[in-house]
Structures are given as structure tokens and as C-alpha cells.
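Here are my notes on this model. Please keep the structure open beside them as you read.

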Amino acid sequence: MTTREETELMCRTGPGTPGGNMMRRYWLPVGLSEELPQGGAPLPVTILSERLVLFRDEAGRVGLLQRGCPHRCADLSFGRIEDGGLRCLYHGWLYDVAGNCLEQPGEPPESTYKNEVKALSYPLVEKGGMIFAYLGRDTPPEFPDWEFLNAPEAHRFHLRTVIECNYLQALEGNIDPVHLSYLHRPLTRVDTRPVPGSTKSADVFYAEERRPRLDLEPTDYGIRIFSVRGADDDKQYLRITNFIMPCSAAIVGNEGRVNEGYAVHWHVPIDDYHNMRFDFVYNRVRPLDKEKYRTRIGNVTGPDGVTRRSLDNRYFQSREAMRTENFTGMGGSFNVHDAFATESMGPISDRTQEHLATSDRIIVRARHQILEAIADVAEGKEPRGVIRDPARRDRSHVVVVSEVIPKGVDPKEYWKSRVQKPQAAE
Ligand code: FES
Ligand SMILES: [Fe+2]
């Protein structure tokens, strides 16, 4: 069982909290490159309960600063991008991407006061169409070398949405292989693309065997998850997915069903009651049909064509659609199904009310790793998944598989054959 105290430790991530101290050891996504076009508006973001502003200056550099102007706290996200930085609308103070105050136009010309003022700023890495921040106050760790972030623009699709609950329960939906057979089950428009090694599609496997056998192994980044369903002729349908510390998962997704790529989801805490879901869809073989994705997962619009499906409108659930379209009756977007499952638990799910079962063993282990990481940080140690040695940046041992393979093959050996680059030491 997860106690109330453990839930508090894991779910509270504001400044100074043990969970927040743990989260601040990792690079976390804070925005998408496409949200900050050259000359575009600054983006107000709240991460780990810190109000911040993300912006791109005229030279194309990105910056993440405290939202409140260091002068008298007006919101910098309303500011102007000009003269080498972000200018506050109230009295015109100007800040560069590193938080240096470049101008205080209302002060006497001889004043050097601007040299004493600095906006809080965090280091950023922009890669693969995403912007990652390090919210620790020390030297940032190495940035992991993820295969998907090296994908050409045409081979990747991103989406950022807000989920109205704590990050942890949202994250747990990604490391829960059993729910595929229920929550996301289609009744019509069943996927017909065969899983490699078989003539059946993933949807058929999910529907035929609703009790996958689960196994796991801890890794240096989190957990490698094995989910096995039976297949014909002495074969097995193997899915390998991953929990990645502290708040993401590499899962099969739509491209992975035919083993051409995978999806990565992050659930970054906004505050203790909201999180930002980042979807990264990757296909290493062929360019993506981005329009399809915008419609399929980006379009969470309700049946009136305007209002988004949300807890407030009960996701426009339709009993008729439950009979004719899919299991939930909430439209075809998996993101809506996931939002229902996790938002409906309440802002922070009360784990003392749970009855965890054998099918929850991955979630139990992930909570254990998060608690272990919180304890490590409290003791001054680096938690699992933080890379300080540049020689260990490689993450090619994060492997996603959706294949039908002979029954005698050991999944815990098989994943090694699916590493895309030479395998790193674990
Ligand atoms: S509050 Fe920003 S310049 Fe005065
Ligand atoms: Fe899901």
C-alpha cells in the first residue's frame, strides 16, 4: 500500500519540498519550439509551482526567467521582445536570456544599478523541437542522448496539453499495460495494420487477451516493462515499454504498433494539481502524417465542435457511442480517455483508498523508485537517471518493441537485439 505520507512526498513538487528537490535534479520539458516562433509572443509557463516566462529573443536564443519582473513584479510574459531581450511593459527594464538586466531606462544615465539586478533564469536545451529546462540551482547534469530527439522534423510530432490532476497519477497511466485492453478499446475502426511477425493487429491482440503477463527489470533510467500476450503457433506478442525517471515513459503508441517508432509522454508538474502532458510521436522509418495526428490526438474538441472534452462536461460521454464506437464513448482520442481516467481520481488521488492488484506491479515499482530518488536527493546523492558522466549520455538501451516472436525467446534477452546503437553499459 502507498501511505498518505508517501503520496505527499511524491506528489508535492513546489520549491523546498522533498519531491520538488528530486524533480529539480532532472532536465524537464517546458515547451515546444513551435510555440516560440521567431518574433512570437513570450509563453507564460508554470513548472513545479514556479511562475516563469519562456521566450525567444531576436537572435533565436531561448530563455526561461522568473515571471514577475525583478523591478516591481509585473508579468514579463506580456513584455516586448526587442533590443536583445525581453522588455517589461511597466517601466521598460530589459532582460536577456540569462536574466541579466540590460537596461533600466527610467534611471539616471550614470546609474549602474542594473548591474546589481538579475532575473532568476534557468538553463535550457532546445532539441528535437522541444525545450528542456534544468530547475536545479547548481551545474546542470549531462543531457541524455535520446534517439527520438535526433529525428528529422518530418519524422516527429509533438503536442502539449494541460491535464487537471497531479503529475503522478497521470504518469501512472503510461506504465499500465492492462488498460489498453479496456480504456482505449475500439469497437469500430479497429486498427488492421499487422504487428510484425503476425497477421493480426495490436487491437486484435489487446481484445483477445485482456490479461497480459507482466514483468519488469530496473534500469539506470527507470524500468523496462515487459508485457506478453499469447499468439498463434507457439508465438507470443511482446510489448516492451519504459518508465523513465522522474515523470516520463517511452511507450508503443501508434507508430510502435508496427515497430517503426514509438511515443514518449512526459507529465511535468505545473503545480500539485495540474500537469503538462507532452506527447512526442516518432517514426524512424517514414515521415509522419502530422495532419492525422493533429486530428487524432490533438483534436480533443467535443461534439459541439467548440468545447473541449473535460471533466466539467463529463468528456461528452455518449452511451450510444459506448455501444457503437468505443469502450468509453468519449470520442477516439486516447488523450481524452487518459484524461478521464486520471482526472476523475481527484486532484491528488488518495492512494490509501486503492486496492492494488497483481496487474499494478509496474506502478508499485515506479513509486518505489520515485521514493528512493527522493531519499537519495535528501541525502545529497544523485538520483536514478541523472547523468553526470559525459561518457554515459547514451540512452539507446531504452527500447520499445511491439512484435510477435517465438514463445521460447526470453524477452529479457530479446530487447538487446532491438537496440538502435551500440548498447551502453547499465
Ligand atoms: S515592473 Fe517591470 S520595469 Fe517596472
Ligand atoms: Fe492510455
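1. Start with His179. Its relative accessibility is 16%. The cut-off for buried is under 20%, so His179 counts as buried. Keep in mind that this is a predicted model.

2. Is His184 buried or exposed? His184 has a relative accessible area of 6%. That value is also under 20%, so His184 is buried.

3. **The iron site.** Which residues coordinate the iron ion (ligand 2)? They are His179, His184 and Asp338.

4. **Spacing of the donors.** Now look along the chain. The donors of the iron ion (ligand 2) follow the pattern H-x4-H-x153-D.

5. **Helix H8.** This helix covers residues 334-343. Ala341 lies in it. With a relative accessible area of 25%, Ala341 is partly exposed. The reason is the scale: buried means under 20% and exposed means over 50%, with partly exposed in between.

6. **A pair to compare.** How many residues separate Ala341 from His158 in sequence? The answer is 183. In space, the two are 22 Å apart, C-alpha to C-alpha.

7. Helix H1 spans residues 4-11, and helix H9 spans residues 361-378. Their axes come within 10 Å and cross at roughly 70 degrees. Angles of 65 to 115 degrees count as roughly perpendicular, so H1 and H9 are roughly perpendicular to each other. On the H1 side, the contact is made by Glu6, Leu9 and Met10. On the H9 side, it is made by Arg367, Ile370, Leu371 and Ile374. Five residues of this contact are nonpolar, none is polar and two are charged.

8. **The whole chain.** The protein chain has 10 helices and 19 strands. Its C-alpha atoms fill a box of roughly 85 × 50 × 45 Å along the principal axes. The radius of gyration is 23 Å. A compact globule of 426 residues would have one near 22 Å, so the two agree.

9. Of the 426 residues, 54% count as buried. Residues 24 or more positions apart account for 62% of them.

Technical notes: Residues are numbered from 1 along each chain as its sequence is written. Chains are lettered from A and ligands numbered from 1 in the order in which they are written. This is a predicted model: local features need pLDDT of at least 70, side-chain atom pairs count only at pLDDT 80 or more; totals for chains, interfaces and linings use all residues. Side-chain values use heavy atoms; hydrogens and water are left out. Axes are lines fitted to C-alpha atoms, for helices over the stretch in contact, and angles run from 0 to 180 degrees between N-to-C directions. Helices (H or I, at least four residues) and strands (E, at least two) are DSSP runs, numbered from the N terminus. Angles under 35 degrees count as roughly parallel, over 145 as roughly antiparallel, 65 to 115 as roughly perpendicular and the rest as oblique. Contact means heavy atoms within 4.5 Å. Ala, Val, Leu, Ile, Met, Phe, Trp, Tyr, Cys and Pro count as nonpolar, Asp, Glu, Lys and Arg as charged, and the others, Gly among them, as polar. Donors are N, O and S atoms within 2.8 Å of the metal (3.2 Å for Na, K and Ca); water is not among the atoms, so sites may look incomplete. Buried means under 20% relative accessible area, exposed over 50%, partly exposed in between (1.4 Å probe, protein chains only). The radius of gyration is taken over C-alpha atoms; the globule rule is 2.2 Å times the number of residues to the power 0.38.
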